[in-house]
Structures are given as C-alpha cells and as structure tokens.
Amino acid sequence: MPTPMIEVESVTKRFGANLALDHVDLEVTTGTVLGLLGPNGAGKTTLVRILTTLLHADEGVARVAGYDVVRDAVALRFMIGLAGQYAAVDELLTGRENLELVGLLYHLSKPERRRRASEVLERLTLTDAADRLVKTYSGGMRRRLDLGASLVGRPKVLILDEPTTGLDPATRIDLWQFIEALVADGTTLLLTTQYLEEADRLADRIVVIDHGRVIAEGTSNQLKNQLGGDLLEVTVASHDDLDRAAGLLTGLGAGLPTVDRSRRRVTTPAEGKAKTVIVAAERLDAAGIAIDDIALRRPSLDDVFLALTGHSAAEGVPDPAVDEEIVGAGRGQGSRP
Ligand SMILES: Nc1ncnc2c1ncn2[C@@H]1O[C@H](COP(=O)(O)OP(=O)(O)OP(=O)(O)O)[C@@H](O)[C@H]1O
Ligand SMILES: [Mg+2]
C-alpha cells in the first residue's frame, strides 16, 4: 500500500449557519498530485486552511505527512509549502529580499538563505527582476514569486490554492511546466483549481467538491467515463431551431440534451458511434432544420462538472465578504506572518 501524504477524514467546518465543508474525506498518495476541483464557494480554501493549520475543523481529522493538523501544528508548519490564493509577498521588498526573509523564518544561515533564494529565482525565471521592488512586478511575476516563497523550505508536500487564477495563458503554461518539474522531483501536491483543463493536465486524481461536499472523485478518465461514452454536438444554423433540435435529439443516449444558446449548439449523450451522427442528421433534415456542424466528441471535464453539479464550473456563486478567522500566530512557509 502506498502511504498517504495527506489524509482527510470526515472534516466538517461551519461558519455560522453556512456549512463550508460537510464530512469531506480524501487522501493524497505520496508523490502524486491531487486536484481539488470546485466552483467559487465550494470550500477549497477552507480545506487548504485546515490542512495548513490556519483554521480548525469543527469535526473530523486531518493529517499531513503523518502530523495531525491540530495537535502537531507547530511541527507541521515547517513541513508544508503553501502558496495561497492571493499573493502574500511584500510589495516594498525586492523579490530576492522576500525569499531571503522566508529563509529567515526557517532559521536558515545567511549563506544558505542566499543560496536558496537564488536557486528559486532561477527556477522561476525571475533572476532578471530579482533586485527590483515587488510593487513593480506584473501579476504573473508576483504569482511566481509567491510560489517561489513556498519552495524556499524545500517542502515534501506542497499545497497550492488556485495557483494560476488570473494569469494570462502563456504564464499559466509556464507555471504548469514548473509545477510538473517539482512533481517529477517527488513533491506531493494538492492543488485547488476552478480550471478543468488544469486538473486534467496536472492531477493524477481529481476530487470534485461543490457546496462543501465531495461529489465525485477519480482520474480524469474515470470521471469522463462516468458520463457514459461520447457526446454528440450539433450547431444549428438558426437560433430559432435550437429547442426543436434539442427535442429531436433526445434519446440518442442516456441523459438529456443541453442547449448552449450563445453558440447555437445542442449537446447530448450519444451511444453508438458514427451511426448516431447519421440518425441525428436524418432527423434534423426531415424536420427542415439546417445545421452548421455535427460531430461526436469525448466529454471534457467541463461536461463532467456540468453533469455532476447542474452548473458550469465557470459560473460559481460570488464570495460574500467574510470575516477572517485565523488560528495560531505565524504561518508556515509560503507567506509571511
Ligand atoms: N472566514 C469565513 N467566515 C465566514 N464564512 C466563510 C469564511 N471563509 C469561507 N466562508 C464561506 O465558506 C464557503 C466556502 O468558502 P471557500 O473560500 O472555502 O470557497 P472556495 O472553494 O475557496 O471558493 P473560491 O473559488 O471563490 O476561492 C463560502 O460559502 C464562504 O463564503
Ligand atoms: Mg478559494
């Protein structure tokens, strides 16, 4: 049996009447990447804060690297790298100073702090900007520096809360490559994301949460297979035909069609490969509905999310302003106290 690096058993957290986490169970095997996928307000950050000892659960147990997140919190803070959802670097210091300061929190000697800061700057291609004040950095550079801060302590387990949210596509891909290199070196990673393609690309296993509850888990392929085969996608020539087309395409596979009005598209589960396309085309033709495009495709994680939650991953509920509730004084690596 491979040993779990992160174990979460029945963790529950309430904020007043709001049940942010509802008996969540999960495990991350050492050396693997778990993608915690969920829309706004799903409970991702709440779980991250519990795992990184910043917040206490109301019920349940969580262990990271064998340490209990409550009982062994002080020891654990030095074991985990955390990069939060919002960059936690100091604007009025340079990139290098920020990293050396994190080294100080680890009680590293001055030469060792210098060495590690340079190494991290190099890996994140920030060397050229290292001696500039962070307030002159772009959003992507801050994100990279924040991630870098979580690496100074060379943690075996890294927890990244939406590491690429708000980044442009090129920077996101850079960061993915960097994360992949860390994982290849043996780092265990828990990563939260709202981006299905990010979970698809980086995660060995995916846990989907919505409203504080685990609603699905498995590899990205297993989740896609839960949808039962391929999807038929038809783009009609005229908006006016959308609802009629959806009616005609019902029953080609298990499950109901969904209509995307902005794209003039009907998507429906389909059984039986090419034959389904012919049957669908014939039905639409017989009804006098002109089509622009018709194709079978494998479901994406986005389809899985839509099928599981009834809403797309992009349209989460906005977070209301919330009061911070922080347990303990200092944070571990990755951010400044
Ligand atoms: N300190 C707090 N006080 C009160 N309510 C909170 C607090 N932190 C989180 N919540 C609530 O708990 C729920 C889960 O929030 P959480 O921040 O964990 O979601 P999330 O999945 O990280 O969302 P996002 O993708 O927007 O970051 C939300 O309903 C949120 O409003
Ligand atoms: Mg969050």
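## Salt bridges, a ring pair and strand pairing

Arg297 counts as partly exposed, at 27% relative accessibility (under 20% is buried, over 50% exposed and partly exposed lies in between, with a 1.4 Å probe and protein chains only). Together with Glu233, Arg265 and Asp303, Arg297 belongs to one network of salt bridges that share partners. This is a predicted model, where local features need pLDDT of at least 70 and side-chain atom pairs count only at pLDDT 80 or more, while totals for chains, interfaces and linings use all residues. Residues are numbered from 1 along each chain as its sequence is written, chains are lettered from A and ligands numbered from 1 in written order, and side-chain values use heavy atoms, without hydrogens or water.

**Domains**

- The protein chain splits into domain 1, covering 4–224, and domain 2, covering 228–298; these bounds come from an automatic or database domain assignment.
- Taken over C-alpha atoms, the centres of domain 1 and domain 2 are 41 Å apart.

- Across the whole structure, the search finds 22 salt bridges (a side-chain nitrogen of Lys or Arg within 4 Å of a carboxyl oxygen of Asp or Glu).
- Glu233 meets Arg297 in one of these salt bridges, at 2.6 Å from N to O.
- That pair links distant parts of the chain, with Glu233 in strand S11 and Arg297 in strand S14 (residues 291–297), 64 residues apart; strands here are DSSP runs of E with at least two residues, helices are runs of H or I with at least four, and both are numbered from the N terminus.
- Glu233 also forms a salt bridge with Arg265, at 3.9 Å from N to O.
- Because Arg265 lies in strand S13 (residues 265–269) and Glu233 in strand S11 (residues 231–236), this contact ties together parts that are 32 residues apart in sequence.
- Is Glu233 buried or exposed? Glu233 is buried, with a relative accessible area of 13%, whereas Arg265 is partly exposed at 23%.

- Arg123 and Asp185 form another salt bridge, with their closest N and O atoms 3.5 Å apart.
- The two residues are 62 apart in the chain: Arg123 sits in helix H4, and Asp185 in the loop between helix H6 (169–184) and strand S8 (188–193).
- Asp185 is exposed, with a relative accessible area of 60%, while Arg123 is partly exposed at 36%.

**Ring contacts**

- How many aromatic pairs does the rule give? The count comes to one (ring centres of Phe, Tyr or the six-membered ring of Trp within 6.5 Å, with planes under 30 degrees apart called stacked, over 60 edge-to-face and the rest tilted).
- That pair is Phe78 with Tyr106, which is edge-to-face at 5.5 Å centre to centre, with 85° between the planes.
- Tyr106 is buried at 13% relative accessible area, and Phe78 is partly exposed at 40%.
- Elsewhere, the charged end of Arg172 sits over the ring of Tyr195, 4.1 Å from its centre (the criterion is NZ of Lys or CZ of Arg within 6 Å of the ring centre and within 35 degrees of the ring normal).

- Strand S1 (residues 4–15) runs antiparallel to strand S4 (residues 59–64), and five bridges join them (two strands pair if DSSP finds at least two bridges between them).
- Thr12 has Glu59 in S4 as its bridge partner.
- S4 also pairs with strand S5 (residues 67–68), antiparallel and over two bridges, and there Val64 stands opposite Tyr67.
- The hairpin of S4 and S5 has two residues between the strands, and Ala65 in this hairpin takes a positive phi near 50°.

- Strand S9 (residues 205–210) is mostly covered, with five of its six residues buried.
- S9 is joined to strand S3 (residues 33–37) by four bridges, in the parallel sense; Leu34 has Arg205 as its bridge partner.
- S9 is also joined to strand S10 (residues 213–218), here antiparallel and by five bridges; Val208 has Ala216 as its partner.
- S9 and S10 make a hairpin with two residues between them, and His211 in the turn has a positive phi of about 45°.
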